[in-house]
Amino acid sequence: MAWILNKSAVGKALRIFVKTYGCQMNERDSEMILSQLQRAGHVIAANESVADVVILNTCSIREQAEVKALGKSGYLSRRKRADPNFRIGIVGCMAENFGGKLFELNSAIDFVVGPRRLHELADVIANGMDNLRTGEPGKENFSQGFDHLRSQSKCTAFVSIMQGCNMRCSYCIVPRTRGRESYRRMDDVAEEVKFLARNGVREITLLGQIVNSYGGRKMSIAGGKTPFVQLLEKLSEVDGILRIRYMSPHPCSFSNDLIAAHGNLPKLCPAVHLPIQSGSDRILSDMRRQYTGEKILQIVEKLRAAVPHIGLSTDVIVGYPGETEEDFAETVSLFDSAKFNMAFVFKYSPRAGTKSAEMVDDVPESEKVRRNQILLKHIEEASLRCHRQFVDHTVEVLVEGRAKRGENMMFGWTPNHLKVIFETAGNAIGEIVRVRVTSFAATVLCGVVA
Ligand code: SAH
Ligand code: SF4
Ligand code: F3S
């Protein structure tokens, strides 16, 4: 596909709107896109309808995510018929997964840029590009550092520490869309975090497909500590940063030094998102997850011994090929015994090119829905049980912003990652306030400033 999108031909800086699908990785990438394009002289459009260019930063993790973005590009193509100068870009995981096929699916699409080429986006928009290919080896740049767009109202930030994934979970498209693991230098990450702290950020979330494999074989263990723990220690020293989180660790590399770090590093939040995917060892082995339900329980037990009030959440897939009623019962049982207080449940979605897509997707949709609902019920009960313990207690909340409803209502999160809505007269974004919990629902604690 040869196309030209030339800023000077349009005669003004372009108004850009980015719509984000998918995970936190994409949220971070979208921020990087906007910061890059702003530096190149473009402006951020307040909304889609006033933009000259709409960029969809897409996700391929489940079919539904792709259907949504394609539907959106179809909708945008109608606008293009009325205004030929209007441009549509597809970037992110679908760009990598589909490549040039996207132009066949929707001829109104102007450019396609995969996640490992996003650092070239400003060039692409300024100069146009012939025969654009995505993810070309050698040309990919680990474009993870960038000048964050800072607005005074944000006190949290995502910080990417690595790209890609070397695992081969049978169901997962990510290794294909994001490539093999590459790690940012520790000093570069620290510089970015210092910059963020100077700009009012108080909480950072370190991002990677498997954060605890940070460094891989390229960085060494020092003082008995894995590179990820070394990085946590280094970032703990940054003044102004009050809280550090990370997403997501993999159970198979959940080392003892990371568990110890939770006991030793005061800024490291007592909250871990530990994706289990299934509680059936047979299914886990088929998924190539490299751990058992027993191993999950051991990690959880050690974490609780190190940090008694640790918040634990997880990801679960229901309806994986061949998942029987017994397998599913084991998943529910593992969820309950590990006492997770939150979970994301996904209905299995076959992804072309993955190992499990070669198997028959034999659990009917109605059964996936049923299993999903059963698990959601358990999650709701677990969450209510967790929240109930906090009534009449005081929790520390990092204030993130104004709540959607109610005058003088603000919201924020506790260290163990519970959302709190509370009443206050002052506007204290970025401050940690003590809130007395007065009531709760499944998704939120409510209270007043103590
Ligand atoms: N790197 C992370 C997962 C990133 S993808 C990890 O290994 O934990 C986020 C979640 O999407 C996964 O944890 C999994 O629960 C879900 N997921 C991935 N592929 C899926 C598929 N084909 N169908 C349904 N859910 C899927
Ligand atoms: Fe996907 Fe598995 Fe890698 Fe997570 S660890 S991104 S589920 S392949
Ligand atoms: Fe994230 Fe979706 Fe890609 S979950 S890594 S945006 S496939």
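# A question-and-answer tour

Visitor: Let's start with helix α9. How many of its residues are buried?
Guide: Helix α9 runs over residues 227–236 and is mostly covered. Buried means under 20% relative accessible area, exposed means over 50%, and partly exposed is in between (1.4 Å probe, protein chains only). Helices (H or I, at least four residues) and strands (E, at least two) are DSSP runs, numbered from the N terminus. Of the 10 residues in α9, the buried ones number eight.

Visitor: Before we go on, what pLDDT do local features need here?
Guide: Residues are numbered from 1 along each chain as its sequence is written, while chains are lettered from A and ligands numbered from 1 in the order in which they are written. Side-chain values use heavy atoms, leaving out hydrogens and water, and this is a predicted model, where totals for chains, interfaces and linings use all residues, side-chain atom pairs count only at pLDDT 80 or more, and local features need pLDDT of at least 70.

Visitor: Back to α9, then. Which elements do its buried residues pack against?
Guide: The buried residues include F228, V229, L231 and L232. Their packing rests on contact, which means heavy atoms within 4.5 Å. The partners are α8 (186–198), β11 (203–207), β12 (243–247) and α10 (256–264).

Visitor: β11 is a strand, I see. Which of its residues is the bridge partner of V159?
Guide: β11 pairs with β8 in the parallel sense, over five bridges; two strands pair if DSSP finds at least two bridges between them. Strand β8 covers residues 156–160, and four of its five residues are buried, so the rest of the structure largely encloses it. The bridge partner of V159 in β11 is L206.

Visitor: How about N57: what joins its side chain to that of S30, and at what distance?
Guide: N57 lies in strand β4 (residues 53–58) and is buried, with a relative accessible area of 0%. A polar contact is a pair of N or O atoms within 3.5 Å; within protein, one must be able to donate a hydrogen and the other to accept it, and residues adjacent in sequence count only if both atoms are side-chain atoms. A polar atom of the N57 side chain also lies 3.1 Å from the backbone oxygen of N26. Between the side chains of N57 and S30 there is a polar contact of 3.0 Å.

Visitor: And N26 itself? How far is its side chain from the backbone oxygen of T58?
Guide: N26 belongs to helix α2 (residues 24–39) and counts as buried at 2% relative accessibility. The backbone oxygen of T58 and a polar atom of the N26 side chain are apart by 2.9 Å.

Visitor: N26 turns up by a ligand as well. How many charged residues are in the shell around ligand 3?
Guide: The shell is C23, N26, C59, S60, I61, C93, R178 and Q209, where near means a heavy atom within 4 Å. Ala, Val, Leu, Ile, Met, Phe, Trp, Tyr, Cys and Pro count as nonpolar, Asp, Glu, Lys and Arg as charged, and the others, Gly among them, as polar. Four residues of the shell are nonpolar and three polar, leaving the charged count at one.

Visitor: Last stop, ligand 1. How far is D315 from its oxygen atom?
Guide: Ligand 1 has 14 residues around it, and D315 is among the closest. A polar side-chain atom of R289 lies 3.3 Å from an oxygen atom of ligand 1. For a polar side-chain atom of D315, the distance to an oxygen atom of ligand 1 is 2.7 Å.
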